[in-house]
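Here are my notes on the model you sent over.

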Amino acid sequence: NCTLTWFLYQYFIYSAMRIILLAIDYYQKFKRKETQGLEIEKLLVETQLRSMKSQLHPHFLFNTLNSISMLVRMKKNDKANKVITQFGDLLRQVLHKKDAQFTSLEKEIEFIDNYLGIENIRFNENFKYKISVSEEALQVKIPDMILQPVVENCIKHGFKSIDHALKIDITARLNGEYLLVHVEDNGSGFNPDDEVFLNRGIGLRNILDRYKKIYGTSGVEVKSKPGEGTKVSFKFPKKAANE
C-alpha cells in the first residue's frame, strides 16, 4: 500500500509539473504569435501611411507650382507671394514629419489649413472653407495624415457636376472620452456603397481600413448622396490616442 501510495504521489507530481510546463510553453508560443501579429499589423499600417504620403506630396507639388505660375502670368503678385509663403510652410511641415503613427490634432489642422489656403487662392470665389476646433481638442493625438486625404477628396471630387461654390466645413470637439471630427462639403456627392469610388485614388477605403487596424473598431462614418455633398465623421478614442 505504501508503495502504491508513493507511486501515485510521484505520478501526480509528475503530471502536475508536466501540465504546468505545457501551459507555460503554450503561453509563450501564444505571446510570440501575438507579438508577431502586432508587429505585422504595425508594419501594414506604417506601409499604408507611407503609401498615402507618397501619393499626396507630388499632387501638392504639381498643383501648387501650377497655381503660382498661373498667378505670375496674370500679374497677381500679391496672391502669388501668399501661395509661395503657404507652400513654404507646407514644405517645412512635410520635411519635419516623421513616420510616427500619431500627431496632434493641432498639427494636422495646421497642415490642412495651409493646404486649403492654397486651394482657396487657386479656385478663388468658387471655393470657401471653415475650420472650427475647440481649444481643448487641439492636443489630442490622432493618426497622422488621416484627415488630410478626406479634405483632398472633397476638392478632387466635390467640384464635379456642381453649379455653385464648393464649401468645406471642418469641426472638431471633445465629447466625453472621444474626439469627434467632421469633414463636410456641399459638393457632387456619391453613393457610399460604390466600392469603385471608395477605392479610387488615395481612397476612403484606405482610411476606413487604417482606422480599424489602429483602433480595432470601426469609428468612421461616411454619409453622402449624389448632388447633396458628403460628410465624413471620425470618432477617435481620446485615451487610446494619447497612450
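The points below start with the whole chain and then move to single elements and residues.

1. First, the ground rules. This is a predicted model, so local features need pLDDT of at least 70 and side-chain atom pairs count only at pLDDT 80 or more, while totals for chains, interfaces and linings use all residues. Residues are numbered from 1 along each chain as its sequence is written, and side-chain values use heavy atoms, with hydrogens and water left out.

2. The overall layout. The chain has 7 helices and 7 strands; these are DSSP runs numbered from the N terminus, with helices being H or I of at least four residues and strands being E of at least two. Going along the sequence, the order is α-α-β-α-β-β-α-β-β-α-α-β-β-α.

3. Of the 243 residues, 37% are buried (buried is under 20% relative accessible area, exposed is over 50%, partly exposed is in between, with a 1.4 Å probe and protein chains only). The accessible surface comes to about 14,700 Å², and 56% of that belongs to carbon and sulfur atoms; areas come from the Shrake-Rupley method with a 1.4 Å probe, and for residues only the protein chains shown count as cover. Among contacts with a separation of 6 or more, 73% are between residues 24 or more positions apart, where contact means heavy atoms within 4.5 Å.

4. Now the helix pair I'd look at. At what angle do H3 and H4 pack? Helix H3 (residues 105-123) and helix H4 (residues 148-158) pack at about 15°, with axes 10 Å apart. The axes are lines fitted to C-alpha atoms, for helices over the stretch in contact, and angles run from 0 to 180 degrees between N-to-C directions. H3 and H4 are therefore roughly parallel (under 35 degrees is roughly parallel, over 145 roughly antiparallel, 65 to 115 roughly perpendicular, and the rest oblique). Their crossing is right-handed, meaning that the near helix is turned clockwise from the far one by less than a right angle.

5. Who makes that contact? H3 supplies Glu108, Phe111, Ile112, Tyr115, Leu116, Glu119 and Phe123, and H4 supplies Gln148, Val151, Glu152 and Ile155. By class, that is 7 nonpolar, 1 polar and 3 charged residues (nonpolar: Ala, Val, Leu, Ile, Met, Phe, Trp, Tyr, Cys and Pro; charged: Asp, Glu, Lys and Arg; polar: the others, Gly among them).

6. The buried set includes Glu152, Asn153 and His157. Gln148 of H4 counts as buried at 0% relative accessibility. Its C-alpha is 8.0 Å from that of Phe111, 37 residues away in sequence.

7. Most residues other than glycine have a negative phi. Asn124 has a positive phi of about 55° without being a glycine; Asn124 sits in the loop between H3 and strand S2 (127-133) and, at 35% relative accessibility, counts as partly exposed. Met145 is not a glycine and has a positive phi of about 65°. This residue lies in the loop between strand S3 (141-143) and H4, and Met145 counts as buried at 0% relative accessibility.

8. Which residues does Ser188 touch? Ser188 is in the loop between strand S5 (178-185) and helix H5 (195-198), and is buried at 14% relative accessible area. Leaving aside neighbours within four places in sequence, Ser188 is in contact with His157, Gly158, Lys160, Ile162, Lys225, Pro226, Gly227, Glu228 and Gly229.

9. Finally, some residues in other helices. Gln86, in helix H2 (residues 77-96), is buried at 14% relative accessible area and touches Asn114, Gly117, Ile118 and Ile121, not counting residues up to four places away in sequence. Leu61 lies in helix H1 (residues 2-73) and is partly exposed at 42%; its C-alpha is 9.3 Å from that of Leu91. Lys239, in helix H7 (residues 238-242), is exposed at 56%.
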